[in-house]
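Biologist: I am new to this structure, and I would like to learn how to read its charged contacts. Could we go through them together, step by step?

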Amino acid sequence: MNEASRAGGLLHRVGERERPAVRLEVDGVAIEALAGDTILVALLTNGARLRESEFGDGIRAGFCLMAACQDCWVWTAAGERRRACSTIVAEGMKITTGKAPWPRQR
Ligand code: FES
């Protein structure tokens, strides 16, 4: 367990803690975020990683945080790819971050 795991997440809220709670499921695990959070904020306030790299070079936590670098892809339960840094959480959302179906084999 690293320092971020012990503290609850890589990111820590310093304000706006009164927004309504939103519950979602990430890789089968229930987590809680706040209304208006992006998926990236939801994941990194609940843990120390965003996803596994599809290129086998380890865990990722996003890079640009402004929907430009494509380092934060996650997948919905329906298999739709979403940028975690620019997708707002929704109640009941189900997200997959590992063993993602991209890039697809042809
Ligand atoms: S972190 Fe760069 S696109 Fe999301």
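**Reading the salt bridges**

Modeller: Let us begin with Arg-49, which counts as partly exposed because its relative accessibility is 30%, and please keep in mind that this is a predicted model.

Biologist: Which residue forms a salt bridge with Arg-49, and how far apart are the closest N and O atoms?

Modeller: The general idea is to look for a side-chain nitrogen of Lys or Arg within 4 Å of a carboxyl oxygen of Asp or Glu. Here the partner is Glu-52, with 3.7 Å between the closest N and O atoms, and Glu-52 is likewise partly exposed, at 36% relative accessibility.

Biologist: How many salt bridges does this rule give?

Modeller: The count comes to 8 salt bridges. One of them pairs Asp-37 with Arg-13, whose closest N and O atoms are 2.4 Å apart. Because Asp-37 sits in the loop between β2 (29-34) and α2 (39-46), while Arg-13 belongs to the loop between α1 (3-7) and β1 (21-26), this pair ties together parts that are 24 residues apart in sequence.

Biologist: Are Asp-37 and Arg-13 buried or partly exposed?

Modeller: Asp-37 is buried, at 4% relative accessibility, whereas Arg-13 is partly exposed, at 23%.

Biologist: Which residue does Arg-51 meet in a salt bridge?

Modeller: Arg-51 meets Asp-71, at 4.0 Å from N to O. Since Arg-51 lies in strand β3 (residues 51-52) and Asp-71 in the loop between β4 (59-60) and β5 (73-76), the pair links parts that are 20 residues apart in sequence. Both Arg-51 and Asp-71 are buried.

Biologist: Which residues do shared partners join into one network?

Modeller: Arg-13, Glu-16, Arg-19 and Asp-37 are joined in this way, through salt bridges that share partners.

Note on methods:
Residues numbered from 1 in each chain as written. Predicted model: local features only at pLDDT ≥ 70, side-chain atom pairs only at ≥ 80, totals over all residues. Heavy atoms only, no water. Helix = DSSP H or I, 4+ residues; strand = E, 2+ residues; numbered from the N terminus. Buried < 20%, exposed > 50% of the residue type's maximum accessible area, 1.4 Å probe, protein only.
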